[in-house]
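Please open the model in a viewer and keep the selection tool at hand. The stops below are meant to be followed in order.

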Amino acid sequence: MLLNEIEQAQRLVRTDAYQMSIGEIVTMYENSEITIDPEFQRLFRWEIGQKSKLIESLLLGIPIPSIFVFEKEDGTWELIDGLQRISTILEFMGRLREGDGLRAPSVLEATKYLPSLHNAVWEVSDRINDLTEEEQSAIDKSLQLAIRRSRIAVEILKRPSDDQTKYDLFQRLNAGGTQANAQELRNCVVLMINSDYYREIKAAAEQAVFQTVVSVTEDQQEKQRHMELAMRFLAHAQVPYDGRLDVEEYIDESAVALAKAGDAAGAASLISRTFGLLYDVAGANALRRFDGGQHTGRVGLVGLETIAVGIAKNLPAIEQLGDQAARAFVRNKIETFWAQPEVATFTSPGLRGTVRIQRTVPFGEAWFAP
(Lines give C-alpha, C1' and ligand atoms only; values in the text may rest on other atoms or scores of the structure.)
Protein backbone atom coordinates (compact mmCIF):
# COMPACT_ATOMS: atom_id res chain seq x y z
CA MET A 1 0.00 0.00 0.00
CA LEU A 2 2.72 2.48 1.01
CA LEU A 3 4.84 1.59 -2.02
CA ASN A 4 1.89 2.25 -4.33
CA GLU A 5 1.24 5.62 -2.67
CA ILE A 6 4.91 6.58 -3.07
CA GLU A 7 4.93 5.56 -6.74
CA GLN A 8 1.74 7.50 -7.45
CA ALA A 9 3.00 10.64 -5.68
CA GLN A 10 6.38 10.49 -7.42
CA ARG A 11 4.67 10.59 -10.82
CA LEU A 12 3.26 13.99 -9.89
CA VAL A 13 6.72 15.55 -9.50
CA ARG A 14 9.23 16.20 -12.28
CA THR A 15 12.32 18.19 -11.45
CA ASP A 16 15.42 19.54 -13.14
CA ALA A 17 18.39 21.53 -11.81
CA TYR A 18 20.63 24.25 -13.23
CA GLN A 19 23.57 26.24 -11.98
CA MET A 20 22.94 29.85 -12.90
CA SER A 21 24.71 33.12 -12.30
CA ILE A 22 23.08 35.88 -10.30
CA GLY A 23 23.36 38.06 -13.41
CA GLU A 24 21.32 35.58 -15.44
CA ILE A 25 18.58 35.49 -12.82
CA VAL A 26 18.48 39.30 -12.65
CA THR A 27 18.14 39.46 -16.44
CA MET A 28 15.32 36.90 -16.36
CA TYR A 29 13.55 39.00 -13.73
CA GLU A 30 13.91 42.20 -15.77
CA ASN A 31 12.54 40.35 -18.83
CA SER A 32 9.57 39.00 -16.79
CA GLU A 33 10.79 35.44 -17.28
CA ILE A 34 10.76 34.75 -13.55
CA THR A 35 7.93 35.94 -11.32
CA ILE A 36 8.16 37.03 -7.71
CA ASP A 37 4.71 37.78 -6.34
CA PRO A 38 4.94 41.30 -4.89
CA GLU A 39 2.42 40.42 -2.17
CA PHE A 40 4.82 37.77 -0.87
CA GLN A 41 7.35 40.55 -0.34
CA ARG A 42 4.96 42.16 2.13
CA LEU A 43 4.43 38.89 3.98
CA PHE A 44 8.10 37.98 4.21
CA ARG A 45 10.58 40.63 5.19
CA TRP A 46 14.25 40.29 6.08
CA GLU A 47 15.98 42.73 8.38
CA ILE A 48 18.94 44.71 7.04
CA GLY A 49 21.35 42.54 9.01
CA GLN A 50 20.14 39.42 7.21
CA LYS A 51 20.39 41.19 3.86
CA SER A 52 23.93 42.33 4.62
CA LYS A 53 25.01 38.79 5.53
CA LEU A 54 23.70 37.47 2.22
CA ILE A 55 25.69 40.03 0.22
CA GLU A 56 28.68 39.24 2.44
CA SER A 57 28.35 35.56 1.51
CA LEU A 58 28.30 36.39 -2.19
CA LEU A 59 31.39 38.61 -1.89
CA LEU A 60 33.27 35.96 0.10
CA GLY A 61 32.27 33.16 -2.28
CA ILE A 62 30.28 31.30 0.36
CA PRO A 63 27.66 29.09 -1.36
CA ILE A 64 24.06 30.06 -0.73
CA PRO A 65 21.15 27.59 -0.70
CA SER A 66 19.31 26.57 -3.85
CA ILE A 67 16.22 28.38 -4.98
CA PHE A 68 13.13 26.52 -6.19
CA VAL A 69 11.00 27.61 -9.12
CA PHE A 70 7.82 26.29 -10.72
CA GLU A 71 7.77 26.08 -14.52
CA LYS A 72 4.54 27.60 -15.82
CA GLU A 73 2.72 26.61 -18.99
CA ASP A 74 4.32 29.44 -20.97
CA GLY A 75 7.82 28.34 -19.93
CA THR A 76 8.41 31.19 -17.47
CA TRP A 77 9.28 30.47 -13.86
CA GLU A 78 7.48 31.29 -10.63
CA LEU A 79 9.68 31.55 -7.55
CA ILE A 80 8.39 29.29 -4.75
CA ASP A 81 11.41 29.25 -2.44
CA GLY A 82 14.24 31.75 -2.23
CA LEU A 83 12.09 34.87 -2.14
CA GLN A 84 14.19 36.71 0.42
CA ARG A 85 17.49 35.83 -1.22
CA ILE A 86 16.49 36.94 -4.69
CA SER A 87 14.54 39.98 -3.45
CA THR A 88 17.53 41.05 -1.33
CA ILE A 89 19.89 40.90 -4.33
CA LEU A 90 17.47 42.73 -6.62
CA GLU A 91 16.79 45.39 -3.99
CA PHE A 92 20.51 45.94 -3.34
CA MET A 93 21.05 46.40 -7.10
CA GLY A 94 18.09 48.80 -7.27
CA ARG A 95 16.19 46.49 -9.63
CA LEU A 96 13.34 45.26 -7.38
CA ARG A 97 9.96 46.34 -8.72
CA GLU A 98 7.38 47.88 -6.39
CA GLY A 99 4.03 49.03 -7.75
CA ASP A 100 4.62 50.86 -11.02
CA GLY A 101 8.22 51.69 -10.22
CA LEU A 102 11.29 50.40 -8.40
CA ARG A 103 11.85 50.06 -4.69
CA ALA A 104 14.56 52.28 -3.25
CA PRO A 105 17.93 50.47 -3.21
CA SER A 106 19.01 49.05 0.13
CA VAL A 107 21.93 50.22 2.21
CA LEU A 108 23.99 47.55 3.95
CA GLU A 109 25.46 47.50 7.43
CA ALA A 110 28.77 46.21 8.72
CA THR A 111 29.16 42.45 9.12
CA LYS A 112 31.54 40.35 11.20
CA TYR A 113 33.96 39.68 8.34
CA LEU A 114 33.33 42.79 6.23
CA PRO A 115 32.94 45.82 8.54
CA SER A 116 33.43 48.10 5.53
CA LEU A 117 29.96 47.16 4.30
CA HIS A 118 28.69 49.91 6.60
CA ASN A 119 26.60 52.24 4.39
CA ALA A 120 27.59 50.20 1.32
CA VAL A 121 25.37 50.57 -1.76
CA TRP A 122 25.45 49.07 -5.26
CA GLU A 123 25.85 52.56 -6.67
CA VAL A 124 25.26 56.05 -5.33
CA SER A 125 21.62 57.00 -5.81
CA ASP A 126 19.31 59.89 -5.03
CA ARG A 127 16.51 57.33 -4.51
CA ILE A 128 17.99 56.36 -1.14
CA ASN A 129 16.21 58.43 1.48
CA ASP A 130 18.10 57.44 4.63
CA LEU A 131 21.53 58.65 3.50
CA THR A 132 22.85 61.57 1.52
CA GLU A 133 24.81 60.71 -1.58
CA GLU A 134 27.99 61.77 0.25
CA GLU A 135 27.31 59.26 3.03
CA GLN A 136 26.79 56.37 0.61
CA SER A 137 29.72 54.08 -0.14
CA ALA A 138 29.37 52.47 -3.59
CA ILE A 139 31.01 49.06 -3.97
CA ASP A 140 33.74 48.72 -6.59
CA LYS A 141 32.80 47.63 -10.14
CA SER A 142 34.92 44.52 -9.68
CA LEU A 143 32.79 43.55 -6.69
CA GLN A 144 29.63 44.15 -8.70
CA LEU A 145 30.96 41.73 -11.30
CA ALA A 146 31.83 39.21 -8.59
CA ILE A 147 28.24 39.28 -7.33
CA ARG A 148 26.76 39.05 -10.83
CA ARG A 149 29.02 36.06 -11.61
CA SER A 150 28.21 34.26 -8.35
CA ARG A 151 26.37 31.04 -9.05
CA ILE A 152 23.31 29.59 -7.41
CA ALA A 153 21.60 26.24 -7.88
CA VAL A 154 18.09 26.46 -9.32
CA GLU A 155 15.78 23.50 -8.69
CA ILE A 156 12.98 23.47 -11.23
CA LEU A 157 9.61 21.85 -10.61
CA LYS A 158 8.53 21.10 -14.16
CA ARG A 159 5.24 20.36 -15.83
CA PRO A 160 3.34 18.03 -15.55
CA SER A 161 3.87 18.57 -11.82
CA ASP A 162 0.44 19.73 -10.70
CA ASP A 163 -0.46 22.93 -8.86
CA GLN A 164 -1.09 21.05 -5.63
CA THR A 165 2.53 19.86 -5.72
CA LYS A 166 3.63 23.48 -6.04
CA TYR A 167 1.67 24.50 -2.94
CA ASP A 168 2.93 21.51 -0.95
CA LEU A 169 6.53 22.19 -1.95
CA PHE A 170 6.23 25.86 -1.03
CA GLN A 171 5.01 25.02 2.47
CA ARG A 172 7.52 22.27 3.11
CA LEU A 173 10.49 24.29 1.90
CA ASN A 174 9.53 27.31 4.00
CA ALA A 175 8.14 25.61 7.10
CA GLY A 176 11.56 25.21 8.70
CA GLY A 177 12.43 28.87 8.43
CA THR A 178 12.26 31.38 11.23
CA GLN A 179 10.72 34.16 9.18
CA ALA A 180 7.29 32.67 8.56
CA ASN A 181 4.83 30.96 10.83
CA ALA A 182 2.22 28.43 9.67
CA GLN A 183 -0.40 31.07 8.90
CA GLU A 184 1.99 33.29 6.95
CA LEU A 185 2.79 30.27 4.77
CA ARG A 186 -0.92 29.50 4.45
CA ASN A 187 -1.51 33.11 3.36
CA CYS A 188 1.05 32.77 0.61
CA VAL A 189 -0.38 29.50 -0.65
CA VAL A 190 -3.86 31.04 -0.84
CA LEU A 191 -2.33 34.04 -2.65
CA MET A 192 -0.78 31.66 -5.17
CA ILE A 193 -4.12 30.06 -5.87
CA ASN A 194 -6.57 32.94 -5.79
CA SER A 195 -5.42 36.43 -4.88
CA ASP A 196 -8.98 37.82 -4.92
CA TYR A 197 -10.10 35.20 -2.40
CA TYR A 198 -7.14 36.03 -0.16
CA ARG A 199 -7.89 39.76 -0.24
CA GLU A 200 -11.60 39.25 0.55
CA ILE A 201 -10.80 37.06 3.56
CA LYS A 202 -8.11 39.48 4.71
CA ALA A 203 -10.54 42.40 4.52
CA ALA A 204 -13.15 40.44 6.50
CA ALA A 205 -10.58 39.40 9.12
CA GLU A 206 -9.44 43.01 9.51
CA GLN A 207 -12.91 44.29 10.34
CA ALA A 208 -13.13 45.74 13.85
CA VAL A 209 -16.14 43.56 14.65
CA PHE A 210 -14.30 40.33 13.82
CA GLN A 211 -11.15 41.34 15.67
CA THR A 212 -13.15 42.38 18.73
CA VAL A 213 -14.99 39.04 18.94
CA VAL A 214 -11.85 36.92 18.48
CA SER A 215 -9.90 39.31 20.73
CA VAL A 216 -6.59 39.58 18.88
CA THR A 217 -3.81 41.84 20.12
CA GLU A 218 -1.60 43.99 17.89
CA ASP A 219 1.23 41.50 18.35
CA GLN A 220 -1.06 38.65 17.33
CA GLN A 221 -2.20 40.60 14.27
CA GLU A 222 1.43 41.03 13.28
CA LYS A 223 1.76 37.25 13.40
CA GLN A 224 -1.42 36.85 11.33
CA ARG A 225 -3.52 35.38 14.16
CA HIS A 226 -6.67 37.07 12.83
CA MET A 227 -6.14 35.43 9.43
CA GLU A 228 -5.54 32.09 11.10
CA LEU A 229 -8.81 32.30 13.03
CA ALA A 230 -10.72 33.41 9.93
CA MET A 231 -9.37 30.50 7.89
CA ARG A 232 -9.99 28.03 10.72
CA PHE A 233 -13.55 29.30 10.97
CA LEU A 234 -14.14 28.89 7.23
CA ALA A 235 -12.54 25.44 7.17
CA HIS A 236 -14.72 24.10 9.99
CA ALA A 237 -17.84 25.79 8.61
CA GLN A 238 -17.42 24.68 5.00
CA VAL A 239 -15.14 21.63 4.71
CA PRO A 240 -16.06 18.29 6.37
CA TYR A 241 -13.36 16.72 8.55
CA ASP A 242 -12.93 12.93 8.56
CA GLY A 243 -10.51 12.80 11.49
CA ARG A 244 -7.60 11.37 9.53
CA LEU A 245 -5.45 14.43 8.76
CA ASP A 246 -3.50 16.33 11.39
CA VAL A 247 -5.53 19.45 12.26
CA GLU A 248 -2.98 21.89 10.82
CA GLU A 249 -2.81 19.87 7.61
CA TYR A 250 -6.61 19.81 7.47
CA ILE A 251 -6.67 23.62 7.77
CA ASP A 252 -4.01 23.85 5.03
CA GLU A 253 -5.94 21.52 2.71
CA SER A 254 -9.21 23.31 3.43
CA ALA A 255 -7.69 26.71 2.66
CA VAL A 256 -6.44 25.37 -0.68
CA ALA A 257 -9.82 23.80 -1.52
CA LEU A 258 -11.78 26.93 -0.62
CA ALA A 259 -9.42 29.23 -2.51
CA LYS A 260 -9.73 27.00 -5.58
CA ALA A 261 -13.53 27.02 -5.28
CA GLY A 262 -13.23 30.79 -5.30
CA ASP A 263 -16.40 31.89 -3.51
CA ALA A 264 -14.69 34.91 -2.00
CA ALA A 265 -17.86 36.96 -1.59
CA GLY A 266 -19.66 34.07 0.11
CA ALA A 267 -16.79 33.44 2.51
CA ALA A 268 -16.46 37.11 3.43
CA SER A 269 -20.23 37.35 3.90
CA LEU A 270 -20.26 34.31 6.19
CA ILE A 271 -17.57 35.89 8.36
CA SER A 272 -19.27 39.28 8.46
CA ARG A 273 -22.77 37.97 9.19
CA THR A 274 -21.69 35.41 11.81
CA PHE A 275 -19.36 37.69 13.72
CA GLY A 276 -21.67 40.66 13.32
CA LEU A 277 -24.37 38.67 15.10
CA LEU A 278 -21.94 37.55 17.81
CA TYR A 279 -20.78 41.14 18.31
CA ASP A 280 -24.36 42.39 18.64
CA VAL A 281 -25.12 39.71 21.24
CA ALA A 282 -22.05 39.84 23.46
CA GLY A 283 -19.26 41.89 21.88
CA ALA A 284 -15.79 40.85 23.02
CA ASN A 285 -17.34 38.24 25.36
CA ALA A 286 -19.17 36.23 22.69
CA LEU A 287 -16.64 33.37 22.55
CA ARG A 288 -15.56 33.48 26.20
CA ARG A 289 -16.71 31.00 28.84
CA PHE A 290 -19.93 31.97 30.67
CA ASP A 291 -19.94 31.04 34.35
CA GLY A 292 -21.70 32.44 37.40
CA GLY A 293 -23.64 34.96 35.40
CA GLN A 294 -20.61 36.51 33.67
CA HIS A 295 -18.13 35.86 30.90
CA THR A 296 -14.57 35.01 31.95
CA GLY A 297 -11.26 33.84 30.55
CA ARG A 298 -9.75 34.22 27.11
CA VAL A 299 -11.03 33.39 23.66
CA GLY A 300 -9.92 29.91 22.67
CA LEU A 301 -10.40 27.47 19.82
CA VAL A 302 -13.27 25.71 21.59
CA GLY A 303 -15.38 28.87 21.43
CA LEU A 304 -14.53 29.37 17.76
CA GLU A 305 -15.21 25.74 16.80
CA THR A 306 -18.49 25.40 18.69
CA ILE A 307 -20.12 28.82 19.00
CA ALA A 308 -18.95 30.65 15.87
CA VAL A 309 -18.96 27.59 13.61
CA GLY A 310 -22.21 26.31 15.12
CA ILE A 311 -23.93 29.61 14.32
CA ALA A 312 -22.43 29.69 10.82
CA LYS A 313 -23.75 26.23 10.01
CA ASN A 314 -27.25 27.32 11.09
CA LEU A 315 -27.06 30.93 9.98
CA PRO A 316 -29.91 31.00 7.41
CA ALA A 317 -32.33 29.39 9.90
CA ILE A 318 -31.22 31.73 12.71
CA GLU A 319 -31.58 34.81 10.51
CA GLN A 320 -35.12 33.76 9.58
CA LEU A 321 -36.11 34.27 13.23
CA GLY A 322 -35.82 38.01 12.76
CA ASP A 323 -33.21 40.35 14.25
CA GLN A 324 -34.47 40.58 17.82
CA ALA A 325 -35.44 36.92 18.13
CA ALA A 326 -32.18 35.79 16.54
CA ARG A 327 -30.13 37.79 19.05
CA ALA A 328 -32.16 36.46 21.98
CA PHE A 329 -31.80 32.90 20.70
CA VAL A 330 -28.03 33.17 20.27
CA ARG A 331 -27.55 34.89 23.62
CA ASN A 332 -29.45 32.14 25.43
CA LYS A 333 -27.61 29.40 23.58
CA ILE A 334 -24.20 30.93 24.35
CA GLU A 335 -24.93 31.36 28.05
CA THR A 336 -26.34 27.83 28.51
CA PHE A 337 -23.74 26.20 26.26
CA TRP A 338 -20.92 26.31 28.78
CA ALA A 339 -22.98 24.45 31.40
CA GLN A 340 -23.47 21.40 29.19
CA PRO A 341 -21.60 18.29 30.45
CA GLU A 342 -20.27 17.54 26.95
CA VAL A 343 -18.33 20.81 26.94
CA ALA A 344 -16.03 19.54 29.69
CA THR A 345 -14.81 16.85 27.27
CA PHE A 346 -13.68 19.51 24.77
CA THR A 347 -10.84 20.70 27.02
CA SER A 348 -9.64 17.46 28.63
CA PRO A 349 -5.89 17.47 29.39
CA GLY A 350 -3.91 15.82 26.61
CA LEU A 351 -6.86 15.84 24.21
CA ARG A 352 -5.58 15.78 20.65
CA GLY A 353 -6.85 18.38 18.23
CA THR A 354 -7.97 15.67 15.82
CA VAL A 355 -10.32 14.32 18.49
CA ARG A 356 -11.42 17.72 19.76
CA ILE A 357 -12.75 19.04 16.47
CA GLN A 358 -14.67 15.81 15.90
CA ARG A 359 -16.49 16.72 19.13
CA THR A 360 -16.72 20.50 19.04
CA VAL A 361 -17.90 21.12 15.48
CA PRO A 362 -20.77 18.57 15.42
CA PHE A 363 -21.91 19.60 18.91
CA GLY A 364 -21.92 23.28 17.96
CA GLU A 365 -23.90 22.59 14.79
CA ALA A 366 -26.56 20.67 16.75
CA TRP A 367 -26.61 23.12 19.68
CA PHE A 368 -27.29 26.21 17.59
CA ALA A 369 -29.98 24.66 15.40
CA PRO A 370 -33.19 26.71 15.99
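**Before selecting anything**

This is a predicted model, in which local features need pLDDT of at least 70 and side-chain atom pairs count only at pLDDT 80 or more, while totals for chains, interfaces and linings use all residues. Residues are numbered from 1 along each chain as its sequence is written, and side-chain values use heavy atoms, with hydrogens and water left out.

**Whole chain**

Show the cartoon: the protein has 18 helices and eleven strands. Helices (H or I, at least four residues) and strands (E, at least two) are DSSP runs, numbered from the N terminus. Of the 370 residues, 48% count as buried; buried means under 20% relative accessible area, exposed over 50%, and partly exposed in between (1.4 Å probe, protein chains only). Among contacts between residues at least 6 apart in sequence, 69% join residues at least 24 apart, contact meaning heavy atoms within 4.5 Å.

**Helix α8**

Select residues 182-193, helix α8. Its twelve residues should span 16 Å at 1.5 Å a residue, and the end C-alpha atoms are 17 Å apart, which agrees; the expected span is 1.5 Å times one less than the number of residues. Eleven of the twelve residues are buried, so α8 is largely enclosed by the rest of the structure. Among these buried residues are Gln183, Glu184, Arg186 and Asn187, and also Cys188 and Met192.

Axes are lines fitted to C-alpha atoms, for helices over the stretch in contact, and angles run from 0 to 180 degrees between N-to-C directions.

**α14 against α15**

Next take residues 264-282 (α14) and 301-313 (α15), which pack at an angle of about 115 degrees with axes 9 Å apart. The two are therefore roughly perpendicular to each other. Leu270, Thr274, Phe275, Leu277 and Leu278 of α14 meet Leu304, Ile307, Ala308, Ile311 and Ala312 of α15. By class, this contact has nine nonpolar, one polar and no charged residues.

**Single residues**

Which residues does Arg232 contact, leaving aside its neighbours within four places in sequence? They are Val247, Glu248, Ile251, Leu301 and Leu304. Arg232 lies in helix α12 (residues 225-238) and is buried, with a relative accessible area of 4%.

Move to Val209 in helix α10 (residues 208-214). Val209 is partly exposed at 27% relative accessibility. Beyond its neighbours within four places in sequence, Val209 is in contact with Phe275, Gly276 and Tyr279.

Finish at Asp291 in strand β10 (residues 289-291). Asp291 counts as exposed at 51% relative accessibility. Glu335 is 44 residues from Asp291 in sequence and 8.0 Å from it in space, C-alpha to C-alpha.

Note on methods:
Parallel < 35°, antiparallel > 145°, perpendicular 65-115°, else oblique. Nonpolar A, V, L, I, M, F, W, Y, C, P; charged D, E, K, R; others polar.
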